[in-house]
Structure formats: C-alpha cells, structure tokens
Amino acid sequence: MGSLRAPALAFLGLVAFLLLWEAIPFLGLVNPAFLPGPSALPRAFLSELRSGVWFSAILGSLGHYFTGLITGSALGVALGVLVGMSRAAEEATAWVVRVLRPIPGLAWVPFAIIWFGVNPSAAVFIIAIGVFWIVFFAAQGAIRGVDRDLIEVADAFGFTSSWQRLTKILLPAAMPGILVGVRTALGQAWMAVVAAEIFGVAGVGQRMMQASSLLATDIVVVYMLTMAGLYGFLDTLFVAFQKWVLRWKA
C-alpha cells in the first residue's frame with residue numbers, strides 16, 4: 001500500500017487543482033473570457049484539431065524547436081569543451097561571455113528579423129541562442145570538474161595528445177554534467193519557441209497570439225497544455241537516452 005501512496009496523492013492533488021480551476025470562472029471570481037475552465041478546453045481542442053490548425057502549428061514549432069535545440073546544443077558543447085580544456089581560451093573569452101550572456105533572447109528578435117526576415121530561420125536563431133548558454137556553461141563546468149587524477153592516469157597510460165585526453169578521459173567523465181545541461185535546454189527551448197514565433201513565424205507562438213487577440217483564451221490554454229505535454233514526452237525520452245548513454249555507471 002505504501003507504494004500507492006505517492007501516486008494516489010499526486011492524483012488527488014491534480015483533481016483538486018482542476019476543481020479549483022473550474023470553480024474560479026464558474027463562481028464568477030474571474031471572467032470566463034479571461035480564464036476558461038478545464039471543461040471548455042476539449043471543445044476548443046477538437047475545433048483546432050478538426051480544422052487542421054493544431055497539426056500545422058505543432059509541426060511548425062517542432063521543426064523550429066529541434067533545429068534550434070540541436071544547433072544551440074552542438075555549439076554550446078563544442079565551445080564549452082574547448083574553453084573548459086584550455087585556460088587560455090577561457091581567459092580570452094571571459095569578457096565576451098560576460099557581455100553577451102546577460103542579453104535575453106528576446107533582445108535578439110530585432111536582429112533576427114533584420115538578418116533572416118520573418119521566416120523559420122529567425123525563429124531557429126532565437127531558440128539556438130536561448131539553448132547555447134545553458135549547454136555552454138554545463139559543458140565548461142563539467143570539463144573543469146573532471147578529477148585531475150584522471151588526467152595523470154591518462155598520462156601514465158600514454159594518452160598525451162589533447163584529442164586522446166578528450167575522447168578517452170574528459171568527455172566520458174564530463175558526459176553526466178553535459179547531459180544535465182542538455183536536459184535543462186529541452187525546457188528552455190520550448191520557452192524560446194513562443195518568443196521566437198510571436199513576431200509572425202508560423203507555429204504555436206503565432207497561433208497563441210492570434211487567439212489572444214480574439215480573446216479566445218481557451219485556445220491559448222490548449223496550446224499551453226500541448227507544449228507542456230510535448231515537453232513531458234520529450235523529457236521522458238531524453239531521460240531514457242541519458243540512462244542508455246550512462247549505462248556504464250550502473
């Protein structure tokens with residue numbers, strides 16, 4: 001019975017949340033036009049689904065999401081590993097990182113439009129920037145955190161070149177930390193998707209802005225929950241992939 005306690009409490013908590021949410025507009029505490037109850041969502045979802053708008057928006061956003069995520073993560077890992085391995089590279093990029101890191105992704109929107117126009121490339125650019133810094137610092141920190149004794153062991157076994165150290169010692173040892181950064185980036189990329197699409201690129205963000213301008217908040221919530229569901233699904237897949245990659249630690 002003890003094993004059922006946690007899922008039972010989680011289920012009861014979810015039910016209580018949905019009932020409270022339903023009660024707020026039902027009792028008139030908030031105008032239903034501003035906050036629709038959960039009972040209004042299935043109808044809105046079916047309407048979007050039947051019209052084909054839902055599939056179109058999701059496919060568009062998934063394309064931007066994966067392209068931006070992969071691009072930003074690859075660049076973040078590559079540069080993070082380089083800076084983590086080389087003290088000279090870290091010192092040379094220190095002020096560049098300090099200047100660029102605090103700039104939020106939305107601040108790059110004007111440049112994205114100027115450089116790429118209102119098209120998917122601009123959305124990918126915004127998403128990649130949002131992902132890059134998370135993975136960069138995760139990779140840099142993971143490489144820096146590798147036990148120095150492992151480096152001495154590598155030297156003793158003849159792994160003296162930088163490439164041998166990287167592939168045989170540093171990357172395997174740093175992989176858990178790098179993957180944690182990539183997993184964090186999965187969620188950050190979804191947040192960046194909406195910001196990247198609100199200026200007119202076809203996808204979930206654009207559809208949410210269209211719906212909000214018409215006060216169709218039920219449709220807005222449908223896409224919010226869709227994004228949450230997709231993130232949960234992708235995160236579950238990534239955790240399985242992470243366990244497979246790190247199976248040597250078991």
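Predicted model: local features only at pLDDT ≥ 70, side-chain atom pairs only at ≥ 80, totals over all residues.
**Exercise 1. Determine how α2 and α3 are oriented to each other, and which residues form their contact.**

Step 1. Helix α2 covers residues 41-51 and helix α3 covers residues 53-85.
Step 2. Their axes come within 4 Å and cross at roughly 80°.
Step 3. Angles of 65 to 115 degrees count as roughly perpendicular, so α2 is roughly perpendicular to α3.
Step 4. On the α2 side the contact involves F45, E48, L49 and S51, and on the α3 side V53, W54 and F55.
Step 5. Sorted by class, this contact has five nonpolar residues, one polar and one charged.

**Exercise 2. Describe the largest nonpolar core and the surroundings of W190.**

Step 1. The largest nonpolar core has 57 residues.
Step 2. Y65 and W190 touch the most other members of this core.
Step 3. At least two residues of the core come from each of α2, α3, α5 (109-116), α6 (120-144), α8 (162-197), α9 (204-213) and α10.
Step 4. The largest share is that of α8, with 14 residues.
Step 5. With neighbours within four places in sequence left aside, W190 is in contact with S61, L62, Y65, M227, L230, Y231 and L234.
Step 6. Another core, of five residues, lies apart from the largest one; V83, V97, F132 and F136 are among its members.

**Exercise 3. Decide whether D235 is buried or exposed, and find the partner of its side chain in a polar contact.**

Step 1. D235 lies in helix α10, which runs over residues 217-245.
Step 2. Its relative accessible area is 12%. The cut-off for buried is under 20%, so D235 is buried.
Step 3. The side chain of D235 makes a polar contact with the side chain of R183, at 2.8 Å.
Step 4. Beyond neighbours within four places in sequence, D235 is in contact with R183 and L186.

**Exercise 4. Characterise T226 in terms of burial, contacts and the reach of its side chain.**

Step 1. T226 is located in helix α10.
Step 2. T226 counts as buried, because its relative accessibility is 12%.
Step 3. The side chain of T226 reaches the backbone oxygen of V222 at 2.8 Å.
Step 4. Once neighbours within four places in sequence are set aside, T226 is in contact with W54 and I58.
Step 5. V204 is 22 residues from T226 along the chain, and the C-alpha atoms of the two are separated by 9.3 Å.

Note on methods. Residues numbered from 1 in each chain as written. Heavy atoms only, no water. Axes fitted to C-alpha atoms, helices over the stretch in contact; angles between N-to-C directions. Parallel < 35°, antiparallel > 145°, perpendicular 65-115°, else oblique. Contact = heavy atoms within 4.5 Å. Nonpolar A, V, L, I, M, F, W, Y, C, P; charged D, E, K, R; others polar. Buried < 20%, exposed > 50% of the residue type's maximum accessible area, 1.4 Å probe, protein only. Polar contact = N/O pair within 3.5 Å; in protein donor to acceptor, adjacent residues only side chain to side chain. Core = buried A, V, L, I, M, F, W, Y, C linked by side-chain atoms within 4.5 Å.
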